[in-house]
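Good morning, and thank you for coming.

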Amino acid sequence: MIKYAQEVMIRIGALTIEIWMVAVSVIFFSVLAGVIFEIIFSKWLRRIARKFGWKWGEAIFRSSKWLLFLWFLLAGVYFASVIFPLEPKLATYLHKFILILLILSATLGLTRLSVEFMRIYTKNLESALPSASILANLTYILVFSIGLLVFLQTLGISITPILTALGVGGLAVALALRDTLSNLFAGLQIILNKQVIPGDYIKLDSGEEGFVTDISWRNTTIRQLANNLVIIPNSKLASSIITNFHRPEPELSVLIKVGVSYGSDLEKVEQVTLETAKQVMSQVQAGADGFEPTVRFHSFGESSIDFTVILWAKEFSEQFILRHEFIKRLHQRFSEEGIEIPFPIRTIYMKGESKR
C-alpha cells in the first residue's frame, strides 16, 4: 500500500513538472513571438511609411512601440494560467490583473495615437488650425480620461457617482482655478482665431518681441532674437495689442534712409541705387522673390537730399542681413560713381557788430 502511494505521488510530481514546463514554454514562446512580431511589424510599417510618405504609419509605429510585445506576453500568461491548475480565487485575481494591464496599455496606445494624429492633422491644416501643444495636451487628457473611466468600470467601480461629483465640484474647481482656466480659454481663443501661431514673429505693446515657439495650456513662449525665452500668460497675450510681422504674410518691407549731397545728379543717384538694390535682392537669400525695390526722394535735409530705399525681406529676421549687404554695396558703388554721401554740415553765419 505504501509502495503504491509513493508511485502515485511520483506520477503526480512528474505530471506537475510537465504542466510547469508546458506553462513556462507557453510564456517563453509568447515572449519570443512578441519580440519577432514587434520587429517585423515595425520594420514593415516604417518601410511602407517611408516608401509612400505615409506620415500616419510613423505615428502608428511610435504609438504602438512595445505594446504588441506586452500584449503577446499577457496572452502567454493567460494561456499558461489556464493550463496550470491554479486555485479558482487566484486564477480570478490573475485574469483580472491581466485585463487591467490590457486596458491600461490600450489606453496608453490610444492616447499616444490620438496625440500623434492631432499633431499630423494640425500640421497638414496649419492654415486652418495651427499646431500647438495645447491641442495635443487636451487630446491627451480627453482620451486618457475616457480610458480611466473604462478601467474603473471594468474593476466594478461605478462611475456614475464620480461623474456626479465632478459635475457638482466643477464650480468649486472653476473658482479655485480661475486664473488657470482663464489662460486655458485665452490660449484656445488665440489658436482658433489664428491671431498668433507658432513660428510668427510678434511684438507686444509692452515691448516684448520674438518668435512664438509654443502655445501651451497656460503660457505662450516667445524666443527673442538674443535667444532668450519670454513666458507670457495666455490671458495677458489675448488682451495685449500685438503687432504680428508674419500676418497676413511673412514678407515685409525694409526701409533704408540715404542722403546725397546737393550737387549730385539725382537721376544718376536713382539709377545707381536701383541697380544696387536689384542686385542685392537677387543675390542675397534674404531678399523676397517677386518684389521690385523702389527709391523715393522725400526731403531736403540740412546737409543732404534725403531719400528712402524700399527693399523686401522674406521675414522679419532676414531684414538685418539684407540691410547689411545693401549698405555695404551701395557705399562701394557710390564711391566708384563719385556720388558723395555728405557728413552732417551746418553753416553758421555770425552777425556782425552793429554800426554806431
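Which residues form a nonpolar patch on the surface? The patch consists of Phe 28, Phe 29, Leu 32, Ile 36 and Ile 40, and together they have about 510 Å² of accessible area. Please keep in mind that this is a predicted model.

Phe 29 lies in helix H1, which covers residues 2-52. Is Phe 29 buried or exposed? Phe 29 counts as exposed because its relative accessibility is 53%, and the cut-off for that class is over 50%.

I now turn to the chain as a whole. The protein chain has 356 residues, of which 31% count as buried. The chain contains 10 helices and eight strands.

Next, the salt bridges. How many does the structure hold? There are six. One of the salt bridges is between the side chains of Arg 247 and Asp 200, with a distance of 3.5 Å from N to O. This pair links distant parts of the chain, 47 residues apart: Arg 247 sits in the loop between strand S5 (242-244) and strand S6 (252-260), while Asp 200 sits in the loop between helix H7 (178-192) and strand S1 (201-204). The two partners fall into separate accessibility classes. Arg 247 counts as partly exposed, because its relative accessibility is 36%. Asp 200 is buried, because its relative accessible area is 2%.

A further salt bridge joins Glu 275 and Arg 333, whose closest N and O atoms are 2.8 Å apart. Here too, distant parts of the chain are linked: Glu 275 belongs to helix H9 (residues 266-283) and Arg 333 to helix H10 (residues 319-337), 58 residues apart. Glu 275 is partly exposed, with a relative accessible area of 36%.

Arg 333 also has a salt bridge with Glu 337, at 3.4 Å from N to O. Why are Arg 333 and Glu 337 separated by about one helical turn? The reason is that they are four residues apart in helix H10. Through shared partners, salt bridges join Lys 268, Glu 275, Arg 333 and Glu 337 into one network. Thank you for your attention.

Conventions
Residues are numbered from 1 along each chain as its sequence is written. This is a predicted model: local features need pLDDT of at least 70, side-chain atom pairs count only at pLDDT 80 or more; totals for chains, interfaces and linings use all residues. Side-chain values use heavy atoms; hydrogens and water are left out. Patches are made of residues with over 30% relative accessible area and no salt bridge: like charges are joined within 9 Å, nonpolar side chains (Val, Leu, Ile, Met, Phe, Trp, Tyr) within 5 Å. Accessible areas come from the Shrake-Rupley method with a 1.4 Å probe; for residues, only the protein chains shown count as cover. A salt bridge is a side-chain nitrogen of Lys or Arg within 4 Å of a carboxyl oxygen of Asp or Glu. Helices (H or I, at least four residues) and strands (E, at least two) are DSSP runs, numbered from the N terminus. Buried means under 20% relative accessible area, exposed over 50%, partly exposed in between (1.4 Å probe, protein chains only).
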